[in-house]
Amino acid sequence: MQMEKIVSCRAGDHYYKIKHSSGLLILLYPKEHCSTTYAVFGTKYGSIDSCFRRSDEEHPETVPEGIAHYLEHKLFESEDGDAFERYARTGANANAFTSFESTCYLFSCADHLYDSLEILLDFVQSPYFTEQSVAKEQGIIGQEIKMYDDDPQWQVMFQYLRAMYQKHPIRQDIAGTVESIAKITPEHLYRCYRTFYNLNNMALCIAGNLEVEKVLELCDRMLKPSAPVMVERVFEEEPQEVLLSKTEKQLSVACPLFQFGYKEAVETGSLRSERELAVMSVLLEMMASDSSPLFRRLLDAELINEASFGYEYFEGAGFGTVLFGGESKDPQAVAAMIEEEVCRLKREGLDHAAFLRAKKSVYGENISALNSTGSIANALAGFTFKGRELFSYLDALAELELSEVQKALNRVFQTERTVLSVVRPIS
Amino acid sequence: MSEITSFPITESVNLKAFTDSRFKTMKIAVDMFIPISKLTAAQYGILPSLVSRATKDYPDYTALSGRLAELYGASLDSGVRKMGTYQVLSLSVSGISSRYALEKEDMFRELSSLLFSVLFDPLKNAEGNFLPEHFEQEKRQLLELKDTEFNDKILYAHQRCEEVMFLGEPAGVDRYGSKEEIAALKLEELSDAWDELLKSSRYEIFLLGDCEPEPSLFQDRFQNFGAPRKLNYLPCPSSLEPRRVTEELPLSQSKLSMGFRVNFRPEERLTFQLMNAVLGGTPSSKLFRNVREKESLCYYCSSSFDAGSRALYVESGVETENLERTEQEVLHQLSLLQAGEVTEEELHSAKMALRNAMRSVRDSLNAVENWCISRIFEPVFESPEASAERLMKVTKEEVVSAANRVMPAAVFCLKGCGER
């Protein structure tokens, strides 16, 4: 077992990175004076992993959409009852989520940490699926899918991704479809479980009022060593061009919602570094935050409102896009105004004062996030699964140069690679 | 562990401090309580965002936002909510603590002076009015917020249920007033409305996180504001006729929102909170285990307790053809609880979950503020830890007796129909 202490002078915090002999990566972020502890046990396995190749097999395999999410639901059940019932005895607030690239099981607690941690480590390592229990979940997940069918924000986002990407599995809904989940069998679940829930592909991240020794003792007792099998994600090559530059649908809404953005050219399966991420955070803050000229113009033209307007650099394995979204009476006009601003900034160059201000603002937001045990544990997991380190990101932010930001603007924002997705009221 | 400390400033202004250097941030908040009425809801509702749009030193939105960004992404927030028969208007500032400020700014001074300037010296024109362009901007955004609330069908169903349940009562007034009332607002009336609000509100002030509490600073500023006001829970009728409203919309999933009124004395609040947790507040509750897990009827079915309004809600999203069955199943689970069919394990699980939530409060500045605000009607303030201790002593008989005082008051069905 190797242990490394990672320190940030900027944040005044530290955490431990441990490669456990079972193969599991463990990140422990002690915050002695907190009253809570937040634990995340996750696997690098999300909705985009529908085609994969195991290192002990020759050929790649494709499985139905929605399996990662289905597994998340079913793992809560084991032969001797369900995990929620076990947590009920410790009082921990437990949950789980599936994203595009990971599945995480988590809890937050004010006491009985080690009892709850034992439950977490146990149930995630104890799959139990039967025909009957798999069938029962279809009604529940079916309703979850239908809830998202009526959620205009979810719809405008997936419509955007499906217009932007031609091949990448980011196009697929995280929960799958009512049709695809009907095809899921216990065998599929076991197969994906045994492939992705290998401890070498997983991480345990805990932040809060914890004792490192005690956590590690429990891990020694509970972790079942995994065979050294690695798993490779298999992606088709994604063209640089978008599939459709405009896409829209009608839903029961009172005003149109939009998502507009640029497709970044990235290599198949590749990930961005801490520095690249920091560059994009500062760039977007400069371009579209409340204090930017663009935001002001959009607001004065009555094209957006503060409550709904937002922006994001959304990226992962083999995909990257900058997107702007919200509600607007005229989404086309919003897109035109953003385009115009991009051209102006490319032509005139980014403003140095705005750069310094944006850096301070992003720095403050990141320091603030280190208050909460939940946001720390989730950030550790998110960074780890994307091959990044949390404090290096803070350092990268501080060291950033304006020229890098300008370069990113020129590279990522390409007019011929935009998508405008709109959800309109039913006419 | 630091304590939540009260500093009464006057009969109408109370300050609570919870300061602790383990936080990397601070927050200063002013919450104003005023009785809600159809006549003034829209007027008062627009004011927090209007006064915080700009200040004399930073006279437009971009300049003010720029200043906040320079202060390491600090925020100046406004909010409006409803608690029982009160409209609660909030203004707050938050930011990183001074020890992280790269240029050694005194963050507490910077942030408190920003907050004071929007509260006591908001930007006005030569005629003494708020700036017309700011007014128009806020009015438009509030009207658009109404559209946003319709877009979110879970929220929409909940709001409609509340409206139906409290029809004709002050508690049924929207926190921002209606669309028509917002559209009819007059700029000339708002300056006086703000002065009236400052004069007649009950104030709760919070100093939270990594900062030095300076109650004297606030004592000076708030000395002459506010009106002493005894804040009370919404009265609950002794009997009522349940109401039912159904609306149809082209949706994939139908929403069921059931409203109940619960008559409890202030000292019984904790028992009712526990009863709510047993019924539908946690994954080990009756609703989650039966309506979702056993019957597979839905993805979510949960209950929530709104103490200020003495109300309880049960909400779910289901297939249209299962609306009736789900409603029956919810009532069945409630009747089991009323008949005393609750196991020691169910009771213990609910207690553990609630205790965990209470013991977690001190880890978040917002949670501390919410804890205090939501206990504003209590005769004596109780800390989260003291509540947690008292909670563990509540008996099964008390929970069952509480369940028997839950009165069905309203059902709102949002029926999904046809193709989208």
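Predicted model: local features only at pLDDT ≥ 70, side-chain atom pairs only at ≥ 80, totals over all residues.

**Entry: chain A, fold**

I looked up the secondary structure of chain A. The chain has 15 helices and 17 strands. Next I checked its radius of gyration, which is 22 Å. The globule rule gives 22 Å for 427 residues, so chain A is as compact as a globular protein of that length. I then boxed the C-alpha atoms along the principal axes and got roughly 60 × 50 × 45 Å.

How much of chain A is buried? I find 60% of the 427 residues. I also looked at contacts with a separation of 6 or more in chain A. Of these, 82% join residues 24 or more positions apart.

**Entry: chain A, surface and charge**

I went on to the charged side chains. Chain A carries 43 positive and 64 negative ones. The centres of the two sets are 3 Å apart.

**Entry: chain B, fold**

I repeated the look-up for chain B. I find 15 helices and eleven strands here. The radius of gyration is 23 Å, close to the 22 Å from the globule rule for 420 residues, so chain B is as compact as a globular protein of that length. The C-alpha trace spans about 65 × 50 × 40 Å along its principal axes.

In chain B, 61% of the 420 residues count as buried. For contacts with a separation of 6 or more, I find that 81% come from residues 24 or more positions apart.

**Entry: chain B, surface and charge**

The accessible surface of chain B comes to about 16300 Å². I assign 50% of it to carbon and sulfur atoms. Chain B has 50 positive and 64 negative charges. Their mean positions lie 3 Å apart.

**Entry: cysteines**

I reminded myself that a disulfide is a covalent bond between the sulfur atoms of two cysteines. How many disulfides does the structure hold over all chains? I count zero.

The cut-off I applied is 2.5 Å between the sulfur atoms. A:Cys51 counts as buried, because its relative accessibility is 18% and the limit for buried is under 20%.

I then turned to B:Cys211, which is in no disulfide either. Its nearest cysteine sulfur belongs to B:Cys372, 14 Å away. B:Cys211 is buried too, at a relative accessible area of 10%.

**Entry: positive phi**

I kept the background in mind: most residues other than glycine have a negative phi. I looked up two exceptions.

A:Glu302 is not a glycine, yet its phi is positive, about 60 degrees. I place A:Glu302 in the loop between α10 (293-300) and β15 (310-316) of chain A. Is A:Glu302 buried or partly exposed? At 32% relative accessibility, A:Glu302 counts as partly exposed.

B:Arg310 also has a positive phi, near 45 degrees. I find B:Arg310 in the loop between β9 (301-306) and β10 (311-318) of chain B. B:Arg310 counts as buried, with a relative accessibility of 11%.

Notes: Residues numbered from 1 in each chain as written. Chains lettered and ligands numbered in written order. Heavy atoms only, no water. Helix = DSSP H or I, 4+ residues; strand = E, 2+ residues; numbered from the N terminus. Rg over C-alpha atoms; globule rule 2.2 N^0.38 Å. Buried < 20%, exposed > 50% of the residue type's maximum accessible area, 1.4 Å probe, protein only. Contact = heavy atoms within 4.5 Å. Lys, Arg positive; Asp, Glu negative; His and termini not counted. Charge placed at Lys NZ, Arg CZ, Asp CG, Glu CD. Areas by Shrake-Rupley, 256 points an atom, 1.4 Å probe, with all protein chains shown as cover.
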